[in-house]
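Keep the structure beside you as you read.

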Amino acid sequence: MLRVKNYTGFSKVLINLKIQLYTFIYFSGQLFLGRIKVKYFIRVLKRLLFFLSYMKQNKYAKIGNRLKINLYLPGFPSKAYFRACNKVTEFDKKMPSISALISITSACRYKCPHCYQKHDKGKDADINVLIETVKNLQNKGTAFFNIEGGEPFLVFDRLKTVCNSIDNRSEILINSTGDGMTLENMTELRKNKNIIGIMFSLHTDKPEEMNSFMGVENAWDNLKNGIELSHKVGFAVTFNTCLLRDAFYDGTFENIMNIVKDFNGSMIQLIKPKPAGGWLESGIEDFSKEDFEHIKNLAHKYNLDKKFREYAFISPMILEESPEYFGCTAGGTDRFYINAKGDLQACEFLNLSFGNIQTDDFDTIYDKMRKVFEKPCQSWLCEKYSCQIYKLKTENNLASLPLSPELSNQVYEVWKRGDVTEFYKKLEEL
């Protein structure tokens with residue numbers, strides 16, 4: 001089992017000083033080697049310090065020999081971490097995207113009602129095209145790959161092939177339910193040192209409710225087995241949870257945090273329910289400003305209060321995507337999505353396509369997406385335009401999503417994305 005050590009308070013201040021020192025030494029070397037122009041050196045350091053200042057709401061988690069200060073930032077001080085830092089060395093054009101979510105298969109034995117891939121019907125992308133795309137993305141600066149399905153362990157050969165095609169310039173986190181995991185395939189996967197861990201779905205605190213929610217009678221048993229295997233072979237255990245409003249008031253959230261602690265989990269991502277996939281037609285319940293504030297306070301309590309130091313580091317989507325922080329980072333600002341059949345999407349929750357990696361030139365469709373998302377803005381487009389996406393789906397009698405590039409264009413050519421995110425505005429000015 002990997003040792004996990006959490007940092008809060010003064011210990012985090014000391015860690016920040018260490019990060020700053022190592023970063024200064026690294027980029028001084030880049031300056032000496034001529035990889036950074038002298039006129040940009042101080043600006044690069046200012047940009048990195050500015051980003052680090054936005055980590056103040058986070059608990060730091062040292063997982064083995066890697067320190068995680070943000071879910072989608074590779075662990076410090078790995079090669080992938082400094083690869084991600086290179087994002088801020090770009091001054092002449094749009095900064096590169098450092099993270100990508102890649103679905104390698106639609107195969108799944110579960111029936112989760114909220115699944116954002118519920119309508120993503122089609123044959124899995126050619127594995128050779130997928131590998132070529134992943135290598136291309138690494139060359140473009142992608143330093144963090146979140147690999148998922150469906151359930152990736154149901155097609156283990158594909159999972160292993162994709163992971164092995166990613167070199168140590170990037171870190172890998174694999175999403176799973178635990179279904180299909182065996183000691184044999186986990187031991188084989190552990191040979192890849194770029195994989196930091198497995199992220200398990202945990203959307204309720206009760207085993208019987210989880211089995212019912214996921215539509216199979218052994219969902220909880222698969223989860224427990226997967227966690228045990230991960231610890232046995234030395235993978236970090238992390239979680240994601242998608243909770244409705246009441247779960248943050250009736251004790252469910254606290255119970256889940258206790259379960260994650262008992263499972264020796266190192267991180268948990270709080271995913272805000274989205275009107276996408278299975279919930280595209282019905283929509284989602286509204287979260288008020290008071291609800292947002294309540295959830296932020298809960299996250300801050302577990303992340304910053306020393307009484308909760310031994311609990312998992314929380315990565316709350318509603319805080320990180322709020323206007324006060326990073327806003328919407330979709331479309332290659334900091335992240336994007338490629339679904340199992342090869343559609344390039346700005347985000348897994350935004351059922352629009354800019355093209356398909358199997359039929360279109362990747363650089364062309366990738367650049368097109370990044371141009372549409374040229375400036376990082378504040379609006380949550382997946383919520384703002386879900387009704388229009390559903391309307392186009394029904395009007396055109398579509399059996400699958402995302403919308404075609406042509407129909408997608410009808411949405412994004414007239415949408416309003418809100419104000420430019422203050423964080424990125426200031427980052428570019430530095």
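A cavity is a set of points, on a 1 Å grid over the protein atoms alone, where a 1.4 Å probe fits but cannot get out, whereas a pocket is an open set with protein on both sides within 12 Å along at least five of seven lines. Lining residues have an atom within 4 Å of a point. Grid points are joined across faces, edges and corners, and a volume is the space filled by probe spheres set on the points.

The model is predicted, so local features need pLDDT of at least 70 and side-chain atom pairs count only at pLDDT 80 or more, while totals for chains, interfaces and linings use all residues. Residues are numbered from 1 along each chain as its sequence is written, and side-chain values use heavy atoms, with hydrogens and water left out.

How many cavities of 30 Å³ or more does a search of the whole structure find? The search finds 3. The largest cavity has 13 lining residues, and those nearest its centre are Glu321, Cys328, Ala330, Cys347 and Cys382.

The second largest cavity has a volume of about 60 Å³. Its lining includes Leu243, Phe248, Lys272, Pro273 and Met317. Two elements, β9 (267-271) and α11 (317-320), each give at least two residues to this lining. Helices (H or I, at least four residues) and strands (E, at least two) are DSSP runs, numbered from the N terminus.

**Open spaces**

The largest pocket is lined by 37 residues, and Cys115, Tyr116, Gln117, Glu148 and Gly150 are the closest to its centre. The strands β5 (144-148), β6 (171-176), β7, β8 and β9 each supply at least two residues of that lining.

For the second largest pocket, the lining has 35 residues, of which Phe51, Leu73, Ile98, Phe326 and Asp334 lie nearest the centre. Two or more residues come from each of α1 (9-32), α2 (38-53), α3 (79-85), α11 and α16. Which element gives the largest share of this lining? That is α2, with 5 residues.

The table puts volumes beside residue classes. Ala, Val, Leu, Ile, Met, Phe, Trp, Tyr, Cys and Pro count as nonpolar, Asp, Glu, Lys and Arg as charged, and the others, Gly among them, as polar.

| Space | Volume | Residue classes in the lining |
|---|---|---|
| Largest cavity | about 120 Å³ | 9 nonpolar, 1 polar, 3 charged |
| Second largest cavity | about 60 Å³ | 9 nonpolar, no polar, 1 charged |
| Largest pocket | about 790 Å³ | 15 nonpolar, 13 polar, 9 charged |
| Second largest pocket | about 650 Å³ | 22 nonpolar, 7 polar, 6 charged |

**Charged partners**

A salt bridge is a side-chain nitrogen of Lys or Arg within 4 Å of a carboxyl oxygen of Asp or Glu. By this rule there are 19 salt bridges. Lys272, Lys274, Glu321 and Glu383 are joined in a network of them.

To describe how open a residue is, we use relative accessible area: buried means under 20%, exposed over 50%, and partly exposed in between (1.4 Å probe, protein chains only). Glu188 pairs with Lys191, and their closest N and O atoms are 3.0 Å apart. Glu188 is partly exposed at 29%, while Lys191 is exposed at 58%.

Where do Lys375 and Glu428 lie? Their side chains meet in a salt bridge of 3.5 Å, N to O. Lys375 is in the loop between α12 (362-372) and α13 (381-384) and Glu428 is in helix α16 (residues 422-429), so the pair ties together parts that are 53 residues apart in sequence. Lys375 is partly exposed at 41%, and Glu428 is partly exposed at 34%.

Another salt bridge joins Glu395 and Lys391, with the closest N and O atoms 3.9 Å apart. These two residues are 4 apart in helix α14 (residues 386-395), a separation of about one helical turn. An α-helix has 3.6 residues a turn, so residues three or four places apart point the same way.

Among the buried residues of α8 are Trp220, Leu223, Ile227 and His231. The buried residues of α8 pack against α6 (183-189), β7 (195-201), α7 (207-214), β8 (236-242) and α9 (252-262), where contact means heavy atoms within 4.5 Å. Just after α8, Gly234 has a positive phi of about 100°.
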